[in-house]
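Trainee: I would like to learn how to read a few local features from coordinates. Could we go through them one at a time?

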Amino acid sequence: VTKFKRGDRVGVGCMVNSCKECAHCVKGDEQYCLKGCILTYDGVEDGEVTHGGYSTCITVREDFVVRVPDSLALDVAAPLLCAGITTYSPLVHFGAKAGGSGYSVGVLGLGGLGHVAVKLAVAMGNAVTVLSRGQKKKGFAERLGAKYVDYQDAGQAEAAKASFDLILDTISANHQVSGFTAMLKASGTLVLLGAPTEDFLVPPLELLFRRIALAGSAIGGIRETQEMLDFCAAHKITVDIEPIAAKDVNHAMHKLFKGENEMGRYVIRIMETLKPGVAVEPEPAVDVTEWTVKGTVIPPEANHQAKSKDTAAYDLRTRAKVAQKAPYQVAVKTGEKYYFCTCGHSKTQPFCDGSHKEVNQAEGLTFQPMVYTAEEDKAVYFCGCKKSNTLPLCDGSHKSL
């Protein structure tokens, strides 16, 4: 090691190695290594799976280590090595840093990635607008120095058409981009930073006649990551974080699963908290009252984008995986009819009372009510097994599969 010495403040981002020989690596874009970069977490190197920040120690080639400026606290610098470089790289690549005040940037979503994107674009001198739903995050956006557009408001969405040189789409949930490409100026670019699991439709004529580009971006190279850290230090940019002990990771995941930590990032202080004899606490039990069928009625004016049954089943399988396949207590009355729905507008998911079924029918979808026949309060599993008529629920008898 020649670049660092004992006691230096350093960080390791999303990569720990690459081939260092291909055209992308030589250029400094190691994240696009033609042979595949080695990720810091869930990557494979020398036959071993990498565990990143969940490790008690880590060995990394010095070429993949960056220097953390003295003015950046280590806990706020840590998420910059992920969210920071993920948003900084496309801002630089697509001209926002060079564009200054004459460059208009839209940030779609104001969560962990989105709030960092706003801070960076504001520091670059851009005219920044947050695109989000409702009014809940308007105050937060304005405190960050951005304007705000509720894209579900038809008037605001119409006024925002042809407004932006660049839109950073930070939303990871499945969504369509067609309404947002209309907000780009001619020759504008929409860059995907989130990772939706579903394909989406792109209006080809809109791309053609206004020379609009749809692009994607994945983190950044090591040289650019160091540049990002130095930029953040110079402009006093940090990430909104909530430090937690290592033993509390399951509690944090549970909050994320329930959408209770919308704008910040959890930072795990490993060495301070994961000590001999201290075990990671189990995930808290699911509150039965949050999964009853009696609850919020979906307003008819809600911008509800229904999903197909197959998609909903996939979503539920994903939820089950996140919950480590634990059974959920679902309190419903035997024989009553409820709809299998993942609309996201009610705490009654995956059930709803069908009050919005007209919306489904208008979109050409056939959401048939399912009759719940299990005993009341019986533990049932979210399942996409297609082994029985109890979908999306089953009694867990085949869980060994």
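Trainee: Which residues make the nonpolar surface patch?

Mentor: Bear in mind that this is a predicted model. The patch is made by Leu205, Leu208 and Phe209, and its area is about 400 Å². Leucine 208 belongs to helix H8, residues 204-210.

Trainee: Is leucine 208 buried or exposed?

Mentor: Exposed means over 50% relative accessible area. Leucine 208 has 61%, so it counts as exposed.

Trainee: How should I read phi?

Mentor: Most residues other than glycine have a negative phi. Arginine 211 has a positive phi, near 50°. This arginine sits in the loop between H8 and strand S12 (213-216), and its relative accessibility of 64% makes arginine 211 exposed.

Trainee: Where is isoleucine 219 found, and is it buried or exposed?

Mentor: Isoleucine 219 is in the loop between S12 and helix H9 (222-235). Its phi is also positive, about 35°, although the residue is not a glycine. Buried means under 20%; at a relative accessible area of 13%, isoleucine 219 is therefore buried.

Trainee: How many residues of H4 are buried?

Mentor: Of the 12 residues in H4, 10 are buried, so the helix is mostly covered. Among them are His115 and Lys119, along with Leu113, Val116 and Leu120.

Trainee: What does H4 span from its first C-alpha to its last?

Mentor: Helix H4, residues 112-123, reaches 18 Å, close to the 16 Å expected at 1.5 Å a residue. Just after H4 comes glycine 125, with a positive phi of about 90°.

Conventions:
Residues are numbered from 1 along each chain as its sequence is written. This is a predicted model: local features need pLDDT of at least 70, side-chain atom pairs count only at pLDDT 80 or more; totals for chains, interfaces and linings use all residues. Side-chain values use heavy atoms; hydrogens and water are left out. Patches are made of residues with over 30% relative accessible area and no salt bridge: like charges are joined within 9 Å, nonpolar side chains (Val, Leu, Ile, Met, Phe, Trp, Tyr) within 5 Å. Accessible areas come from the Shrake-Rupley method with a 1.4 Å probe; for residues, only the protein chains shown count as cover. A salt bridge is a side-chain nitrogen of Lys or Arg within 4 Å of a carboxyl oxygen of Asp or Glu. Helices (H or I, at least four residues) and strands (E, at least two) are DSSP runs, numbered from the N terminus. Buried means under 20% relative accessible area, exposed over 50%, partly exposed in between (1.4 Å probe, protein chains only). The expected span of a helix is 1.5 Å times one less than its number of residues.
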